[in-house]
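Try each task yourself, then walk through the solution.

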There are 2 protein chains.
Amino acid sequence: MPKRISIVDVAREAGVAISSVSAALNGGPGVSEATRARVRETADRMGWVPSVRGRSLSSKRTRALGLVVQRQPGVLEADPFFAGFIGGVESVLESAGYALLLQIGRSAAAGADRLRRLALSGAVDGVFLTDVSVEDPRYALLDHLQLPAVAVNAPGSVWVSSVTQDHRSGLSALMEHLIALGHRDIAHVAGTPGLVHSEERESVWRCVLESHGLPLGPVITGDFTTEAGARAADALLGGSRVPTAVVCANDLMAIGFLSRAKALGVGVPDDVSVTGFDGVLLGAHVHPPLTTVMTLPGALGTRAAEVLLASVDGGPRVDETIAPAVVVDRASVAPPRVRMA
Amino acid sequence: MPKRISIVDVAREAGVAISSVSAALNGGPGVSEATRARVRETADRMGWVPSVRGRSLSSKRTRALGLVVQRQPGVLEADPFFAGFIGGVESVLESAGYALLLQIGRSAAAGADRLRRLALSGAVDGVFLTDVSVEDPRYALLDHLQLPAVAVNAPGSVWVSSVTQDHRSGLSALMEHLIALGHRDIAHVAGTPGLVHSEERESVWRCVLESHGLPLGPVITGDFTTEAGARAADALLGGSRVPTAVVCANDLMAIGFLSRAKALGVGVPDDVSVTGFDGVLLGAHVHPPLTTVMTLPGALGTRAAEVLLASVDGGPRVDETIAPAVVVDRASVAPPRVRMA
DNA sequence: CGATGAAACCGAAACGTTTCGGTAAGCGGA
DNA sequence: TCCGCTTACCGAAACGTTTCGGTTTCATCG
C-alpha cells in the first residue's frame, strides 16, 4: 500500500537531477561533496532503497550469484556439505551486497536445464558449479555463454575458474596409515559413479594399494547415503573373504556401515576397521568415533565466492587451492586381528 | 559475447509486434492460434529465454522468494532442518518457475536488516520467516510493507500467514511415555532463549510435569549445539541429585549429551534416559539410538511454499498445520533404575 | 579581457519486458 | 448499405535505474 518511493522522489526532494542522485549515492564523479552529503541525507531520511529491478535492467548487473544443486533431497538433508558451503559463500556475499539464488535439480539433467534457464534469463551474474561429473555438459554451456563461473572441487575449463580442496593427500595419508597398521585387505565403498569426487577418491584408494603392491580389495558402489553404507556392510561382511579395513567415500556411508556392522555382530575396529571422508560433526559422536578425513566446506565456499566475485568484476580465470583435507584419527581404526589362514 | 537475443528479435523474425509475442507466449488473449504457434516455434528456434530483468521491472513480479536465515554458521552446518526445509520449498518453486533467494544473517539484528533491504529493494515477491523469536520485529515490518510472507513454526500476524507442524502433541506424548515408565525426576535442556520453538518446547515439558503433579526438574539453557548438550551433561550428571531422564530441545544437544555421558561413565539408558527432538537421520546411528520426536522439515517447506505462492497470487492469509511430529522410540529411554533414597 | 578547461549538474536514451488504448478487418443483423 | 461488435494485432507508455553527451558556471591563465 505505501507506494514505493523511487529515485525521482529523492531527486525532487533534494532539488537535483536523478542522474546526480545516482552519481552521488554510487560514489560517481561529477558531484560536489556538499550535494553528495545532501542527497545522501535526503535518501536516508526518505528511506529510499534502490530498486534492484530497475538497477539490474539498466546496469547489466543483477548482484546475485546462482547455485544449482543437483542432489537427491535425502542426501541434501543429511549431508552437511551444502549447509557449510553456503554458509561460507554467504559470509562473502553479505559484505559484497550480493545475494545467492538457490535452485535444486533432482537429477543431473534437470539441474543442467535449470542452470541453462538461469543463465539465459540473466537472473545471475555468475554461478557456482558443484557435484561436477566427468564430461560435465555444463562447462560447454558456460564457456559458450561466457558467464562467470567457478567449479568447486573439480577442474576448471577454458573459461570456468576452479576452487579445490585437495582430497588426495588426506585420503592417501589415511590409506598409508591403514597399511602401516598392517592392513592388506582394504575394501572401498565408492560414491555415486560419474562424479569427479567419487572417481577421484576411488582412484586414490587404487593408486595407494598399487604403489604398495597390495591386491585391490572389493569395491562396492554406493550413493553417499547411510543406506548405501548399510548395504555395503551386508555385502562385505557376509562374504567368505572379509576385508580387514573398509574405506568409505564419505562419512554418511561409513556411519551406515558402522550401524549395520554392529547389528551383524561385527566389532569395529576389532574385527574390521572403517574410515569415512568429510569430517561431519556427528562422526565424533557415533560409536566408535569415526576416523575420517576432515574437509572444510565453509572455507571452500568462502574462497569460491571470492573468486567468483572477482571474475564477475572482470578478473581473469584462476585455479585456486585451499588448505588440504587432513586425517582425523578417532577410534574406528585399529591393527588387523591376526587370523587363521 | 553472443549478444543476448530479446523479444524484439523474436518479433521481427516472426513478423509480428512485440506485444503479440508477449501475449502469445504468456497465453494472453487477442492472439490467433496460428500466430501463437508460429511465435512459439520462432522463439524456440531462436532459443529465446525472457529476461527476468526486463520482466520483473515491468510486471512487478520478480518470480523469486526470499529466505533470510539467522543462525550461527556452526548450527547451520550440523542441523539438517534447513537443508530439508529448502528441499521441500524448492520442490514447489521448481514447478512454479520461481527461484529462492537465500541470505544468512549471523545475528537476529543483521537478519532483520537484510530482510528489510530485501523487501524494500523489491528483489522478492514474498518471504519465509524462520527462527521466529517472541515479539519478533519482522512482523511489524512485513505488516507495514504488505509483503506476502509466511511464518514457519510460529504464529502468523494480521498480514503474515503461518505454516506449522505441531510440536506439542509429539513432545507431550514423549513426556507421558517417560512418566508412564516411572520417571519422576525429569530435567530439560532448553534451546536458544527467545525463540518461539525453544519456549514452546520448554512450556510443554513444564505443563506435562505440572499436570501430573511432578516437580520441575532442573533446566539447563543451551543453544541447540552438541557442545551445549555436552555442557548440560556436565551440569546435570555431576550434581548431587541426578535426574532419571533428560528431555533435550533438539537432537543435536541430545547427541552431545549422550557422548559426554558415555565419557563420564554414565550409562544410557540404564543410569539416565535421554530424549531428543527433530528426528535427524544420524540419531538412529548414535549409541544408543536416540529416542526422539520426528519432525518433517521437507513437508513443512513444501506447504509453506504453496501457501506463500498462493499469497503472492493475491490469496488470503491462512494458518495451516501439517501432520504432527510423532515419537520415534529407539533405545535411549528405559525405566528408571531403582535407587536408594 | 577573452579564451580555455575543468567541475558540477542536467536531460534523455537505453535496458527488455508487460500492459493498455487504439485501429483495421471481418461479419452478422437491421 | 451501414452500423455495431468482436477478434487480431499494433504502437507506445511505463517500470526505475545507469550512463553518456551536452550545458552552464567559474576560475585560471595568457
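A salt bridge is a side-chain nitrogen of Lys or Arg within 4 Å of a carboxyl oxygen of Asp or Glu. Keep in mind that this is a predicted model.

**Exercise 1.** Work out which residue forms a salt bridge with A:Glu13, and what the pair ties together.

*Solution.* 
- Start with the partner: A:Glu13 forms a salt bridge with A:Arg45, and their closest N and O atoms are 3.4 Å apart.
- A:Glu13 sits in helix H1 (residues 7-14) of chain A and A:Arg45 in helix H3 (residues 33-46) of chain A, so the pair ties together parts that are 32 residues apart in sequence.
- Finally, check accessibility. A:Glu13 has 47% relative accessibility, so it counts as partly exposed.

**Exercise 2.** Find the salt bridge between B:Glu320 and B:Arg303, and decide how accessible B:Glu320 and B:Arg303 are.

*Solution.* 
- The closest N and O atoms of B:Glu320 and B:Arg303 are 2.9 Å apart.
- B:Glu320 belongs to strand E11 (residues 319-322) of chain B and B:Arg303 to helix H13 (residues 297-312) of chain B, so this pair ties together parts 17 residues apart in sequence.
- For the accessibility step, you need the cut-offs: buried is under 20% and exposed is over 50%, with partly exposed in between.
- B:Glu320, at 23%, is therefore partly exposed, and B:Arg303, at 26%, is partly exposed too.

**Exercise 3.** Are the faces of strand E8 of chain A covered or open, and which strands pair with E8(A)?

*Solution.* 
- In a regular strand, side chains alternate between the two faces of the sheet.
- On one side of E8(A) (residues 245-248) are A:Ala245 and A:Val247, on the other A:Val246 and A:Cys248; all are buried, and both faces are covered.
- Now the neighbours. Strand E6 (residues 186-190) of chain A runs parallel to E8(A) and is joined to it by four bridges, with A:Ile186 opposite A:Ala245.
- Strand E9 (residues 273-275) of chain A also pairs with E8(A) in the parallel sense, over three bridges. There, A:Val247 has A:Thr275 as its bridge partner.
- To get from E8(A) to E9(A), the chain crosses through helix H12 (residues 251-263) of chain A, in a right-handed β-α-β crossover.

Technical notes:
Residues numbered from 1 in each chain as written. Chains lettered and ligands numbered in written order. Predicted model: local features only at pLDDT ≥ 70, side-chain atom pairs only at ≥ 80, totals over all residues. Heavy atoms only, no water. Buried < 20%, exposed > 50% of the residue type's maximum accessible area, 1.4 Å probe, protein only. Helix = DSSP H or I, 4+ residues; strand = E, 2+ residues; numbered from the N terminus. Pairing = 2+ DSSP bridges. Right-handed = clockwise from strand over helix to strand, strands pointing away.
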